[in-house]
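I opened this notebook page to record what I looked up in the structure. The entries follow in the order in which I took them.

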Amino acid sequence: ITSIVRKDGHLSLFGDLNQRRTNHTWSTWSDFAVNLSISDDPEFEPEEMEQGYRSTKQILDYASHLLEPKYRHPVALMEGPVPVVRKVKENQLASAVRRDAVDLCDRYPDGKVAVIAAEPAELRQDLLSAGWRKTSERYTFEDHDGRKVCVYKPVMARGLEFDGVVVAEPADF
């Protein structure tokens, strides 16, 4: 780290230890500091931000049910709509996803809308069959009215931010 900053400089590290791809990671910032060999630095003082700033309270409340009980008390800066859970027949999934994605595009015309599915091929094909076209942006489709929807696998959506999301068959994740 001394090669990155001046001797009298400071370095700030930001992240979310709960946003990881495996359970094989550091459980605390202090553990992380040991790995970076900065834990003995007298100026090292981890601060944990308890308030979410990238998602709404409603999304964090809904998603917190997937976390261990000790992490189920999210606090957020923003408010938003409550997530909607819709049950549809398997043969109606693609058209229901498309309908909900169009609705989100209309509600957030200047925003970014995504569809996230474990197996998105059928959903992408449904958009093409309904007259949408692929754009130059990978996995992004546009209809004749200029609405755009990104269709991703969960791992591809990690770290990205959206204004509206349709999650298709989350149990498949």
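**Notebook entries**

I first located Gly111, which lies in the loop between helix 3 and strand 3 (113-117); helices (H or I, at least four residues) and strands (E, at least two) are DSSP runs numbered from the N terminus. The model is predicted: local features need pLDDT of at least 70, side-chain atom pairs count only at pLDDT 80 or more, and totals for chains, interfaces and linings use all residues. Residues are numbered from 1 along each chain as its sequence is written, and side-chain values use heavy atoms, with hydrogens and water left out.

I noted Gly111 as partly exposed, at 33% relative accessibility (buried is under 20% relative accessible area, exposed over 50%, partly exposed in between; 1.4 Å probe, protein chains only). From Gly111 to Glu161 I recorded 10.0 Å, C-alpha to C-alpha, across 50 residues of sequence.

I then looked up the cysteines. How many disulfides does the structure hold? I found 0 disulfides, a disulfide being a pair of cysteine sulfur atoms within 2.5 Å. For Cys105, the closest cysteine sulfur is in Cys150, 9.1 Å away and too far for a bond.

Last, I turned to Glu90, in the loop between strand 2 (75-78) and helix 3 (93-107). I recorded Glu90 as exposed, with a relative accessible area of 74%.
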